[in-house]
Amino acid sequence: QVQLVESGGGLVQTGDSLRLSCKASGNIIFSRYYVGWFRQAPGKERELVAGITWDGHNAHYRDSVEGRFTISRENAGNTVYLQMNTVKPEDTAVYYCAAQESFTPYPLTTEYQYNNWGQGTRVTVSS
């Protein structure tokens, strides 16, 4: 079983940068996992923000964050990052890390494809 803990959220202003971290623990081989960052804004459904393959070679982004956010991973440290640049008020949400054991080279885009979730970290962007 994978335990996932997110950190790095907070209150920032429009145009600022923020880096979220997702630390995995448990009796796992983290390099076997596809990892995604999701977010859920108040009154809205959870949506995929970005995902990264087990080896870090392929990344996927939703259109609204493409070019502003970067997902990366350090398998040796069991950590995945989401670098958020030029944030906007519409990026305000609770951000969740999710992981699924998979060597797929293709993105896992729906929450139903993940069995392991963190508790989330809140990001608030003021205008």
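Is arginine 68 buried or exposed? Select arginine 68: at 12% relative accessibility, this residue counts as buried. Buried means under 20% relative accessible area, exposed means over 50%, and partly exposed lies in between (1.4 Å probe, protein chains only).

**Before going on**

This is a predicted model: local features need pLDDT of at least 70, side-chain atom pairs count only at pLDDT 80 or more, and totals for chains, interfaces and linings use all residues. Residues are numbered from 1 along each chain as its sequence is written, and side-chain values use heavy atoms, with hydrogens and water left out.

**The whole chain**

Show the cartoon. The protein chain has 11 strands and zero helices. Here strands (E, at least two residues) and helices (H or I, at least four) are DSSP runs, numbered from the N terminus. The radius of gyration is 13 Å, close to the 14 Å that the globule rule gives for 127 residues, so the chain is as compact as a globular protein of that length. That radius is taken over C-alpha atoms, and the rule is 2.2 Å times the number of residues to the power 0.38.

Now show C-alpha atoms alone. They fill a box of roughly 40 × 25 × 25 Å along the principal axes. Colour by burial: 44% of the 127 residues count as buried.

**Arginine 68 and its partner**

Arginine 68 sits in the loop between strand 6 and strand 7, and aspartate 91 in the loop between strand 8 (79-84) and strand 9 (93-101), so the pair ties together parts that are 23 residues apart in sequence. Aspartate 91 is buried, at 0% relative accessibility. A salt bridge means a side-chain nitrogen of Lys or Arg within 4 Å of a carboxyl oxygen of Asp or Glu. The count by this rule is five.

**Glutamate 47**

Next, select glutamate 47. At 25% relative accessibility, this residue is partly exposed. Arginine 39 is buried, at 6%.

Arginine 62 is partly exposed, at 27%.

**Last view**

Select Arg39, Glu47, Arg62, Arg68 and Asp91 together. These residues are linked in a network of salt bridges.
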